[in-house]
Amino acid sequence: MRPLRDPELSGHKEKKANSRLKQIEKEYTQKLAKSSQIIAELQTTISSLKEESSRQQLAAERRLQDVVQKFEDEKQQLIRDNDRAIKVLQEELENRSNQVRCAEKKLQHRELESQEQITYIQQEYETKFKGLMPASLRQELEDTISSLKSQVNFLQKRASILQEELMAYQGRR
């Protein structure tokens, strides 16, 4: 046979169990509330961090755009400076080329003047020494003069050809 249960003892155990259950439920409710609060705080923190990250990313993108724009502006300035420098150098080259052409013309003019002076002096001496020189010496001198004239003509033609080549070369540049 079974022993009978004591109803008072049984009721006391039930109350104790109920009390314990209520205490456990209260603890879990408190833990749940605390966890919910922590979760809410963490969500707020996450939201704040996302906003801050977004602001920082926008600021970084703006700084990057500023740097890119600055480098582009500097690049354009360097291109403009380079173009100006090239133009100045081209103008200087043109001026120097003009100076060279002018100097060559002056030189050619002086060469012609010198040739004319030589011819005049030669004619003057020929008339003075015509009667003083033996015929053979005079013939030898006339041959030398003739040879020198042909050499001068050859050199003038050569100078003219070289001048044309120089002008053609400068025209190609």
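**Entry 1: charged pairs**

I began in helix α1, where Glu-52 and Arg-55 sit 3 residues apart, so about one helical turn separates them. For helices I used DSSP runs of H or I with at least four residues, numbered from the N terminus. The model is predicted: local features need pLDDT of at least 70, side-chain atom pairs count only at pLDDT 80 or more, and totals for chains, interfaces and linings use all residues. Residues are numbered from 1 along each chain as its sequence is written, and side-chain values use heavy atoms, with hydrogens and water left out.

I looked up how Glu-52 and Arg-55 meet. They form a salt bridge, with the closest N and O atoms 2.7 Å apart. A salt bridge here needs a side-chain nitrogen of Lys or Arg within 4 Å of a carboxyl oxygen of Asp or Glu. Side chains of opposite charge can pair when their charged atoms come close.

Glu-52 is partly exposed, at 32% relative accessibility. Arg-55 is partly exposed too, at 47%. The cut-offs are under 20% relative accessible area for buried, over 50% for exposed, and in between for partly exposed (1.4 Å probe, protein chains only).

How many salt bridges does the structure hold? I found 4. One of them joins Arg-96 and Glu-92, at 3.7 Å from N to O. These two are 4 residues apart in helix α1, so they too are about one helical turn apart. Glu-92 is partly exposed, at 37%.

I also noted the salt bridge between Arg-101 and Glu-94, at 3.6 Å from N to O. Arg-101 is partly exposed at 24%, and Glu-94 is partly exposed at 43%.

**Entry 2: the largest pocket**

I turned to empty space. Rolling a probe the size of a water molecule over the atoms shows where it is left. A pocket is an open set of points on a 1 Å grid over the protein atoms alone, where a 1.4 Å probe fits, with protein on both sides within 12 Å along at least five of seven lines. Lining residues have an atom within 4 Å of a point.

The largest pocket has a volume of about 360 Å³. I counted its volume as the space filled by probe spheres set on the points, which are joined across faces, edges and corners.

Which residues lie nearest its centre? They are Gln-108, Glu-111, Leu-155, Gln-156 and Ala-159, out of 15 lining residues. Helices α1 (7-129) and α2 (135-172) each supply at least two residues of the lining. α1 gives the most, with 8 residues.
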